Amino acid sequence: MYDLVVVGAGTAGSVAAHAASEQGLKVCLIDQKEKNTIGEKTCGDAVGIHHFNRLKIPPPKGEELANKIKGIEIFSPDLKTVFRIKGEGLHGFMVNRLEFGQRLLHNALDRDVVFFDNTTALDPIFKDECVCGVKVRNRRKNELREVFGRIIVDASGMSSVLRRKMPHDWKIERTIQNKDIEICYREIRRLAENIEDPEYCRIYLNQSISFGGYYWIFPKGNNIVNVGIGLQMINTVLNPRRQLYTHVLVNDPFIGSKNLKGSGGIVSTRRPLNCMVGNGILLVGDSACQPNPIHGGGIGPSMMAGKLAAEAICEAIEAEDVSQKQLWSYNVKYMKAYGAKAAALDIFRLFLQKCSNEDLNYGMAHRLVKENDILNASLGQDLKLNITDKARRVFRGLNKLSFLKTLYLTSKKMKEIKMLYSNYPYHIKDHEQWVNKVESIISARALI
Ligand SMILES: Cc1cc2nc3c(=O)[nH]c(=O)nc-3n(C[C@H](O)[C@H](O)[C@H](O)COP(=O)(O)OP(=O)(O)OC[C@H]3O[C@@H](n4cnc5c(N)ncnc54)[C@H](O)[C@@H]3O)c2cc1C
């Protein structure tokens, strides 16, 4: 019997396993992949330096580090307006996912974490209304077995293999709606010529090309880029790979470029789950919908969740109490540390997904939100609007004053929901009331 069994050795699971073993717990880590492929994943590969600073995890270097980033450029659909957002808050890295993932895995293995690779978790095992283990299949031997732990962590990413099987009365959302998921395709490409300003990641908004999402070009060096596209999963007609080939790869800088690696994936773009713990179990990373709702960046939040989960797990083992009530502190700490900002950005995401290309073109051209204020909002501050008299006149002329009103209400709802998440209930008994308040803000936003 282990103290902790972690399902999934991605960024969330590897960090959780390492942090718990550092505190002296006996930890077992399970992944369905082969050991030397852990870390490889369809991703944009971008991660902010602030995550490493905050979590005191050494930043990527050597083979892990592909490129250093100074900022982001956001392009309007007509490509006429470009927001160049830079500053220390946006410094970051383009990582080589395999090498980065291998580092996090080996950090955990160096602390005597027991690792089963090629092992797929199938089902949670329950005893006395508490999760106490996992049924697994060893893929090499095609053998079924059971692995027991005092506490289990679901870090299985979007497959969320354990979360989907939690009892209804544990308040854990078992399914995620398609409207809150982006379906993506990305390629790593070698360009025929060096890209300009390789230290800037580019994000392109365009509802006809990347419906409800965006397409991106993230430089991994002077002539290597990660180029991809994400579409809101409610559109069943558009296919992300086809969209990328038809609308993006036919243009500069891709003429004469070569595909080195291509694959698809999905990522959630909503606020974190309302509740991320049950009796004997915690959810971390994509399994708990922790990526940033605006851009889908989930490496940083998943590592943060791994650390916070390990803290709550150690306290629970010490208290010899693995109940949902005891593990609840993880919910409270995560919501304060990142969930409040993510919930506010989720409201803004819902606003952006409803904007037409025309709205985005005019909104960006008139800088209804200024570059620096986007930077500040992305760092967790309130969204400051810049609705000038001139902009009002233009939008009145376009018969689009309602757009400005919606933007104003959106920023108001962002503040409200952020406050609500910052005051996440300390006690399970207050949770239902809190969820009702969240839902009323989300549904009011939907009606605007
Ligand atoms: C196209 C795309 C672009 C993205 N771009 C970025 C970006 O630029 N920056 C960023 O920060 N984030 C980005 N993300 C999100 C980011 O990749 C994830 O948020 C992050 O990897 C979360 O890690 P995780 O540990 O929760 O899950 P994962 O990294 O998915 O790890 C889950 C692990 O669980 C294992 N597993 C799954 N099911 C089972 C099972 N049944 N049994 C055993 N093992 C199992 C998997 O093999 C895997 O190793 C992107 C995602 C996508 C899809």
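How many bridges join β5 to β6, and in which sense do the two strands run? The two strands run antiparallel and are joined by 5 bridges.

## Basis of the model

This is a predicted model, in which local features need pLDDT of at least 70 and side-chain atom pairs count only at pLDDT 80 or more, while totals for chains, interfaces and linings use all residues. Residues are numbered from 1 along each chain as its sequence is written.

Helices (H or I, at least four residues) and strands (E, at least two) are DSSP runs, numbered from the N terminus. Two strands pair if DSSP finds at least two bridges between them.

## The sheet of 7 strands

An open sheet with mixed pairing contains 7 strands in the order β6-β5-β13-β14-β15-β12-β16. Its edge strands, β6 (82-86) and β16, each pair on one side only. On average, neighbouring strands of this sheet are turned by 15 degrees against each other, direction ignored; for such angles, axes are lines fitted to C-alpha atoms (for helices, over the stretch in contact), and angles run from 0 to 180 degrees between N-to-C directions.

Strand β5 (residues 71-75) is joined to strand β13 (residues 200-204) by 5 bridges, and these two strands run parallel. Within β13, Y200 stands opposite G71. Towards β6, I74 has F83 as its bridge partner. The strands β5 and β6 form a hairpin with 6 residues between them, and L79 in the turn has a positive phi of about 65 degrees.

## The sheet of 3 strands

Another open sheet has 3 strands in the order β3-β7-β4, with antiparallel pairing. The edge strands here are β3 and β4 (65-69), each of which pairs on one side only. From one strand to the next, the twist averages 25 degrees.

Between β4 and strand β7 (residues 92-95) there are 4 bridges in the antiparallel sense. The bridge partner of N67 is M94, in β7.

## Domains

The domain assignment of the protein chain gives domain 1 (2-67 + 93-175 + 270-340), domain 2 (179-267) and domain 3 (342-447); the bounds come from an automatic or database domain assignment. The C-alpha centres of domain 1 and domain 2 are 28 Å apart. Their contact takes 13 residues from domain 1 and 19 residues from domain 2, where two residues are in contact if their C-beta atoms, placed from the backbone, lie within 7 Å.

On the side of domain 1 that touches domain 2, there are 5 nonpolar, 5 polar and 3 charged residues. In this classification, Ala, Val, Leu, Ile, Met, Phe, Trp, Tyr, Cys and Pro count as nonpolar, Asp, Glu, Lys and Arg as charged, and the others, Gly among them, as polar.

## The shell around the ligand

Around the ligand there are 42 residues, of which G10, G44, G157, G285 and G298 come nearest; a residue is near a molecule if its C-beta atom, placed from the backbone, lies within 6 Å of it. Among the elements that give two or more residues to this shell are α1 (11-22), β9 (119-127) and α5 (299-319). The shell divides into 16 nonpolar, 20 polar and 6 charged residues. The ligand lies between domain 1 and domain 2, because both give residues to the shell around it.

## Residue V248

V248 lies in helix α4 (residues 240-248). Is V248 buried or exposed? V248 counts as buried because it has 20 C-beta neighbours inside 10 Å; a residue is buried if 20 or more other C-beta atoms lie within 10 Å of its own, exposed if 12 or fewer, and partly exposed in between, with C-beta atoms placed from the backbone. Not counting residues up to four places away in sequence, V248 touches Y215, V227 and I229.
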